[in-house]
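Try each one before reading its solution.

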Amino acid sequence: MTVAVGIGAWSRRHLLDVEGLSRDEIERILDLAVEMRVARAERRHRSLLEAEVVGLAFYEASTRTRVSFELAAKALGATTVDLSVAGSSVSKGESLVDTLRTLERTGVTTLVLRHGSSGAAHLAARTTGLRVVNAGDGIHAHPSQALLDALTLREALGTLEGIRLVIVGDVVQSRVARSNIHCLLALGARVRVAGPPAWVAGFEEWPGIEVATTLVEALDGADAVMALRAQTERGTVLPPELAEWRLDTERMRLADPGALVLHPGPTNEGVELTAELANGPRSLIGRQVENGVPVRMAVLALVAGAA
Amino acid sequence: MSPESFGRLTDPPASFTVVGARVIDPAGGTDEIRDLAVLDGLIARAPDPVAERIDGRGLVLAPGLCDLHAHVREPGGETAETVASAARAAAHGGFTTICAMPNTEPAMDSASAIANGSSAEGACRVRVIGAATIGRAGTEPADLAGMAAAGAVAFSDDGASISDVPTARRVMERLAHLGRPLVEHAEDAELAGDGVMREGRVALRLGLAGWPAEAEVRVVERDLAIAQETGAPLHLTHLSTAAGLAAVQSARSRGVAVTCDVTPHHLAMTDAWVAGSRRFAWEEPNGLPERAYDGSCRVNPPLATREDALALLAGVADGSVDAIATDHAPHPAERKLVPFGEAAPGLIGLETALSLGLAAVESEKLDLATLVAALSTRPAAIIGETRSLQIGAAADLVLFDPDARWRVEPGALASTSSNTPLLGMELPGVVRLTVAGGRVTYRS
């Protein structure tokens, strides 16, 4: 059984990155996610991936991403295996490639991998026969997050063509920011990144985006603002000027009236944005989480060749 | 590769005549189509009528290649390479001398280690560069005079710079007296930090920690100043930045005794290779995302930007770069089958150096005679060896087909290791015959 959405065969066995996906491919994923949301509510497609065994290998902590991939796989009838790193051979020093090859031999067909090293998903794709879905590699990419962000924005604004989206925070250390830049540019949005100089260093050379170094400049004309999490777990030292960049209701007046707020979670309330803003009427943060499962259903179905 | 392809330096001297090859002899300043006769291991005036005649038409005959920078891994790393396997890889690549770096386990920092590490028995002369400091720890100069007497051709703590300035100065003061060069790996460890590829747009996009050009330039400038003060011969190895080369050129104009080399990979490959490109520096990069983050592209110093690679290539072409040296760095596969930032740095180069140089020649970035000199006579002179194709000289030469293609594959390599991003690529340049010290060491 396949789901008829879009035209032409999906040719990719992996989702390693948003970079390289065409606008058509991204829109096909988003359209399929919309279909999957309805299907899930109506309990349809429950055996679409019944032949698949999805291995969830999370070498870094995760709640949203891991849970939503697991629910997405189960909603489509796949078997899931959770490689709990602490209780596996990984804690005995087994190499990543050896662990993944073991998973493959035990019957896993699709790997959902989160790892602290940039390029880990590419390594998995190159050294195993698994279909690989990147659930976050180092500071490089988090493609399913960018796709669910794009779906959330598309549903809130109607289109991404021409919208002004600002990413505020530790962009240098953010895989979410990198994947969002690729995704938003592909969909026609205008992208600005902003933060203290150390958090946006080098991005002035990234083709097609703007860099803002003051909050006034950052928010000017913005249709939506994506606050990033201060990645304290990566050893980032919080710069003293961080308080100047904290988003709150007052500061959002610098943006367009009605400008929306996104955050990939988990939020450090009071650090990068206030609780009032995160929980207020402009916040799309809850919608982002809700879109996680349908977007990941679409991704798993596409890489499996079932859609 | 077939063991029958290889000879040894202890074999009987050879006699043969190569007919109609393009003979490039930088020492004699000649480059012409002619015959070259070898009789009992010496270059002879007239061919031995009974000796084998080798058809050299379309082939190039050049002095034997000399590599100033190879990691032989013995002792301590024999799963990656041994003296014997490195010598075969060298002969296959057209080399007749390689200089082994002392960063073995234990480090080659004593006269006995130099004597044990040197070899004139296998398929290539293996000469040793002694550690500059005891245990390569960077704190106390090693027994430089003793090692020089035992045959060390130069000194280096390669793998790292001598970071402590007073120690670097003491080493160079002694080398000024000994007349042997310090071969310096120029890298400021603090500036390099946890960088795993060259800092810049590609590193930013890939989310990999950047290694700034300044990490090299700062040490180059420091060493040039010490060389000027002490009068020590300084050789900067594996330069990877245009600014580093500019500093060398500027010091030379002040009279500093400095030489330098660049690796084939810093000339031909770029940081775009880490993102999956497999196009040479002088070509437009391509995007092969499935090859991105290949650990075989992890090397120290990291692959340069295109601008730097082209500047270094121009330096080879105009002679401001003295030599091409491989930094042959074999590693077992498992040290590379890890996420990029965890991969052991280094790639093998002995068997692909000539081919990458010939690819640059094909693209008209370099002329063939300059390439030959940068791989043979010029590096040889830095360690006090001569290379000549004049009558009476010991036959030390390579005969290669510059136009024939070969595919880089593990089975086509004599090295124990196959860690190179060139795997699967077709390169120009096939070695037909290598002769070291009058003995045939490789023949295909």
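The model is predicted, with local features needing pLDDT of at least 70 and side-chain atom pairs counting only at pLDDT 80 or more, while totals for chains, interfaces and linings use all residues. Residues are numbered from 1 along each chain as its sequence is written, and chains are lettered from A and ligands numbered from 1 in the order in which they are written.

**Exercise 1.** Work out how compact chain A is.

Solution. Start with the radius of gyration, taken over C-alpha atoms, and the globule rule, 2.2 Å times the number of residues to the power 0.38. Chain A has 11 helices and nine strands (DSSP runs, H or I of at least four residues for helices and E of at least two for strands, numbered from the N terminus). Its radius of gyration is 19 Å, close to the 19 Å from the rule for 307 residues, so chain A is as compact as a globular protein of that length. Along the principal axes, its C-alpha atoms fill a box of roughly 55 × 45 × 35 Å.

**Exercise 2.** Is Ala373(B) buried or exposed?

Solution. First locate Ala373(B) in helix α12 of chain B, residues 368–375. Next apply the cut-offs: buried means 20 or more other C-beta atoms within 10 Å, exposed 12 or fewer, partly exposed in between, with C-beta atoms placed from the backbone. Ala373(B) is buried because it has 26 C-beta neighbours inside 10 Å.

**Exercise 3.** How many residues of chain B are in contact with chain A?

Solution. Contact requires C-beta atoms, placed from the backbone, within 7 Å. By that test, 15 residues of chain B touch 24 residues of chain A.

Definitions and conventions. Contact = placed C-beta atoms within 7 Å.
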